[in-house]
Amino acid sequence: MTEKSVSVMPLLSFRGITKRFGPLVANDAISLDLNQGEVLALLGENGAGKTTLMNILFGHYVAEEGEILVDGAPLPPGSTDAAIQAGIGMVHQHFTLAENLTVLENITLGTEPLFAWRRDIKAARTKIADMAAEYGLHADPDKLVGALSVGERQRVEILKALYRDARILILDEPTAVLTPQESDSLFETLKKLTAKGLAVIFISHKLNEILNHTNRVVVLRRGAVAGTVTTSEADRAGLARMMVGEEVNRPKVTSMMPGNAVLRLTHVDCQSDSEAQSLKDVSLEIRAHEIIGLAGVAGNGQRTLANLLSGLTTADAGDVEILGAPGVADPTELVRRGVGRIPEDRHATGVVGEMPLWENLISEDRRGAEIARAGFVIDKRRALERSKRLIEEFDIRCEGPEAETRLLSGGNMQKLILARVLSRGPEFILANQPVRGLDEGAIAYVQSRLLQARADGAGVLLISEDLDELFALSDRIAVMYHGRMTPPQDTAGLTVGDVGLLMSGHEAESAHAH
Amino acid sequence: MIGDIFEILLTAGFWAATIRIVSPLILGTLGELICERAGVLNLGIEGIMTMGAMAGWMWVFQGGDLWGGIVFAAFIGALFGLFHASFTVYLGLSQHVTGIGITLFASSLSYYVFRMLLPDATTPPKIVPFQPYAIPGLSDIPVIGEALFSQTPLTYLALLSVPAVWYVLERTPLGLAVRMAGENPVAVESQGIDVLAVRTGAVMVGSAFMAIGGAFITMSAFDAFYFGMINGRGWICVALVIFASWRPGKALLGALLFAGLDALQVRAQQLAGAQIPYQFFLMAPYVLSIAAMVVMARRASYPKALLVPFRRGDRV
Ligand SMILES: Nc1ncnc2c1ncn2[C@@H]1O[C@H](COP(=O)(O)OP(=O)(O)OP(=O)(O)O)[C@@H](O)[C@H]1O
Ligand SMILES: [Mg+2]
């Protein structure tokens, strides 16, 4: 067979890639190979340089040193067109789709000569339908991308790459925003693709995904290759150690006497844009020194609940009591009352990317005595001092308080939000997917800070899709399904299986009857 | 009074005037629309229209032929588009500031060049402008014939460019790239297309449209160039783009509405005589346009990347 001769020359090789941003070395002399039909995992802390390396491969960035070979031929640097011609396709960490255009338009852009008289829409439609059937990537070509769910958008991104006959597929944290079910179907698709000889570079912070679905793992640490292992010979602890440089242990909750109620919802109804997201008869009490875990597949009312608790909306029926006063549609008032908000989408609603770090760090405390003079003039010197202190305390890796916030890696952006929230000593914390997209070390850090806040007297609502996380951190766990919530039960008396069933709505009725 | 207005609405003269007024507006609006669909606001429009008005007219006055003047005006417009794009697209500078700067520069330059070439002219010199061309057959239809099919060739060009721009934007690969550049430039780069080139091209073509719009005024509506001739038409076009939710068809509709009100106002002035100060009539189209904008613009879905510069090698 020709298999042997193919495996002699790697499909793709990086040779000594170095990329700097000012003083920061994002990629440090990286060399690695990718073979046909393999799934290569790229693992590393937030800010280790994974996305940067992929951006160089795809031609978004130009490396200062080193070269990339595809089939032994050098790839012209800094040209996405050249990368696509060489058979490289990339699904970006943040989707690159135009929401006001249709699926078909997003996929076919750039596939025809620019100065042709017309677009061949019929041919495109057929080709998309064929690919959809072959790989299980279903997407309605005439729908606007803005109307699609996150999972559907990702399918469109993959279709985009396959439409252009990609032989090397880059997936940059594809599962960070997917539900477990969507992730499973993604892995099904990957299996079909690799069977056809495609090579995949797969980036993820989820170690079990890497262990179950890849062939080889390359670990990056601070921009350099820290090691390469065959997946079948790797284990969780070993990978984590390679990545961070030391043992990583996730914290666990220890029992504690709860205090007074900080949040009380009684028979709350709240209308939202869809039936499943609308809250129906939700009752919940959270006390000080207590973490309530909220399990559920995304889209079952968690967003509405989060909006309600952060003061973006009010209930249609029932009572909402937050820190001793009724809920209001006024986020500023709730923050003043002592609510700490860790939002789900840090880019959209967590920080203002164009503003420097220090402004984001004080944005919830602009009027505080420590920052503001006479109640309304910001004392920049003091604000900078405080920001420096927080940057140090929370280990936010950046150039300094004046750096633009959008340049931070995901994990560091999350630490910034955490610093902003926790430095005010909140009494109730709404933590919505607080570790999404974070590396092992950062996860352990964020979780231990949440536990610390609980020990200091905060009540926490932890919304997460990761059951391991919920079981490790929660005193009690509630489940949301179709806008209804089961009464929280002691974590000790629950199994992952129980919660999984409740999440799929199986025993929602009987659990309700209890 | 109301009855009189209805009577005006039924005359062919009213409709012919409306179509005449609409021609430069629709060219300018399409030009602005092309720029904005690619993500670049072009507030240089007022100046570029002035420049086009002067350049086209001057070409003919110096002995060139009419169509040559149009091509020349378009070329000068594209040049100013390139100027705008080098600052806003390549250097990523503020689109507002650059646009206003270009308007000031281009307007002043037009008057300067005009004065330099014709230092002694006291009464504005004239050219022989485009003449009405009655389309055989169609122009014989009552009312519509006179209104629509007895106009100058430049008006036909303006009206035909509406479906043409629509077709290019919606049906060709180039138009898709332009629209995508205004929605999500990173998506354009990710498909192997040069975002900066697409945006620059769109701004140049759009500016050429604006300049032809300006040239219409000196070469078809009138026969001379004088100061303050564009008279805020460029700004009307910017507003019409929003009114139209960035769609060529709706842009024509909006431009017709404005032009109709303008044509009506002139005639209503004569009706009212001295009873109502004429300034009220002059104001009417603007006031009604603002009202229409308030209603229409609420639903407008603007290009997502409008005003957002794209820098290569920046964090994606
Ligand atoms: N365009 C840029 N300008 C300046 N700094 C940048 C730019 N792109 C990335 N960086 C910096 O380079 C480093 C590596 O970033 P990169 O996005 O590659 O990390 P990552 O490994 O993908 O992290 P994550 O897991 O959070 O996605 C970070 O410190 C980041 O702040
Ligand atoms: Mg990344």
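**Exercise 1.** In which loop of chain B is B:Asn42 found? Decide also whether B:Asn42 is buried or exposed, and list its contacts beyond its neighbours in sequence.

*Solution.* The model is predicted.
Step 1. Locate the residue: B:Asn42 lies in the loop between H2 and H3 of chain B.
Step 2. Buried means under 20% relative accessible area. The relative accessible area of B:Asn42 is 0%, so B:Asn42 is buried.
Step 3. Leave aside the neighbours within four places in sequence; B:Asn42 then has contacts with B:Glu32, B:Cys35, B:Ile48, B:His84, B:Val203, B:Ser207 and B:Met210.
Step 4. For a distance in space, take B:Arg267: it is 225 residues from B:Asn42 in sequence, and the two C-alpha atoms are 34 Å apart.

**Exercise 2.** Describe helix H6 of chain A: its span, its burial and its packing partners.

*Solution.* 
Step 1. H6(A) covers residues 150-163, which is 14 residues. From first C-alpha to last it reaches 20 Å, close to the 20 Å expected at 1.5 Å a residue.
Step 2. Of the 14 residues, 11 are buried, so H6(A) is largely enclosed by the rest of the structure. Among the buried ones are A:Val156, A:Ile158, A:Leu159 and A:Leu162, and also A:Arg153 and A:Glu157.
Step 3. The buried residues pack against strands E6 (88-91) and E7 (168-172) and against helices H4 (103-108), H5 (121-135) and H7 (180-195) of chain A.
Step 4. Just after the helix, A:Asp165 has a positive phi of about 60 degrees.

**Exercise 3.** Which residues make the nonpolar surface patch of about 570 Å², and is B:Phe105 buried, partly exposed or exposed?

*Solution.* 
Step 1. The patch is made by B:Phe83, B:Phe87, B:Tyr90, B:Leu91, B:Leu93 and B:Phe105.
Step 2. Helix H4 (residues 66-90) of chain B gives the most, three residues, while B:Phe105 sits in helix H5 (residues 95-117).
Step 3. With a relative accessible area of 42%, B:Phe105 is partly exposed, because that class lies between 20% and 50%.

How values were computed
Residues numbered from 1 in each chain as written. Chains lettered and ligands numbered in written order. Predicted model: local features only at pLDDT ≥ 70, side-chain atom pairs only at ≥ 80, totals over all residues. Heavy atoms only, no water. Patch = residues over 30% accessible without salt bridge, like charges linked within 9 Å, V, L, I, M, F, W, Y side chains within 5 Å. Areas by Shrake-Rupley, 256 points an atom, 1.4 Å probe, with all protein chains shown as cover. Salt bridge = Lys/Arg side-chain N within 4 Å of Asp/Glu carboxyl O. Helix = DSSP H or I, 4+ residues; strand = E, 2+ residues; numbered from the N terminus. Buried < 20%, exposed > 50% of the residue type's maximum accessible area, 1.4 Å probe, protein only. Expected span 1.5 Å × (residues − 1). Contact = heavy atoms within 4.5 Å.
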